[in-house]
Amino acid sequence: MLFRSPEASEQEQEQASNDLSINDLNAMKVIIDIASSRGAFKPNEMMAVGQTYTKLTAFLDAVSKQQSAQPSGA
């Protein structure tokens, strides 16, 4: 039987909570869409929000293209 120290367990949980997936990034994109449609951002914040949204969209598009270019068996 394998015994783990409490510190190792905490480190594993911390690592798991630090993982960021493509689904998380897609959720962030949706959150920005919803928040902006509800007027959650001040006018002076819109430039930063828009730039971040554009970068996020470009990244997700690139990942999607990479995934579609890979053979389905890979």
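Contact is taken here to mean heavy atoms within 4.5 Å, and by that criterion V49, not counting residues up to four places away in sequence, touches I32 and F41. The model is a predicted one, in which local features need pLDDT of at least 70 and side-chain atom pairs count only at pLDDT 80 or more, while totals for chains, interfaces and linings use all residues. Residues are numbered from 1 along each chain as its sequence is written, and side-chain values use heavy atoms, with hydrogens and water left out.

The protein contains 3 helices and 0 strands, where helices (H or I, at least four residues) and strands (E, at least two) are DSSP runs numbered from the N terminus. Read from the N terminus on, its elements follow the order α-α-α. Of the 74 residues in the protein, 11% are buried, with buried meaning under 20% relative accessible area, exposed over 50%, and partly exposed in between (1.4 Å probe, protein chains only). The accessible surface amounts to about 6,400 Å², and 56% of it belongs to carbon and sulfur atoms; such areas come from the Shrake-Rupley method with a 1.4 Å probe, and for residues only the protein chains shown count as cover.

Helix α2 has 16 residues and spans 23 Å from its first C-alpha to its last, close to the 22 Å expected at 1.5 Å a residue, the expected span being 1.5 Å times one less than the number of residues in the helix. At the start of α2, a side-chain oxygen of S21 comes to within 3.3 Å of the backbone nitrogen of N23. After the helix comes G39, whose phi is positive, near 75 degrees. Within α2, the residues L25, I32 and A35 are buried. Viewed down the helix axis, the buried residues of α2 fall within an arc of 85 degrees, so they line one face of the helix; the arc is that of the directions from the helix axis to the C-beta atoms. The face turned away from this buried side carries the exposed residues N23 and S37, whereas the buried residues themselves pack against α3.

Helix α3 has 24 residues and reaches 34 Å between its first and last C-alpha atoms, close to the 34 Å expected at 1.5 Å a residue. Its buried residues are V49, L56, T57, L60 and V63, and these pack against α2, residues 22–37. The largest nonpolar core is made up of L25, I32, V49, L56 and L60, 5 residues in all; a nonpolar core is a set of buried Ala, Val, Leu, Ile, Met, Phe, Trp, Tyr and Cys residues joined through side-chain atoms within 4.5 Å. Helices α2 and α3 each supply at least two residues of this core, and the largest share, 3 residues, comes from α3.

Two further residues of α3 can be followed individually. T57 lies in this helix and counts as buried because its relative accessibility is 17%. The C-alpha atoms of T57 and K29 are 7.4 Å apart, although 28 residues separate the two along the chain. F59 also belongs to α3, which covers residues 46–69, but F59 counts as partly exposed because its relative accessibility is 42%. Leaving aside neighbours within four places in sequence, F59 is in contact with I22 and L25. Between F59 and L25, which are 34 residues apart along the chain, the C-alpha separation is 9.4 Å.

Technical notes. Polar contact = N/O pair within 3.5 Å; in protein donor to acceptor, adjacent residues only side chain to side chain.
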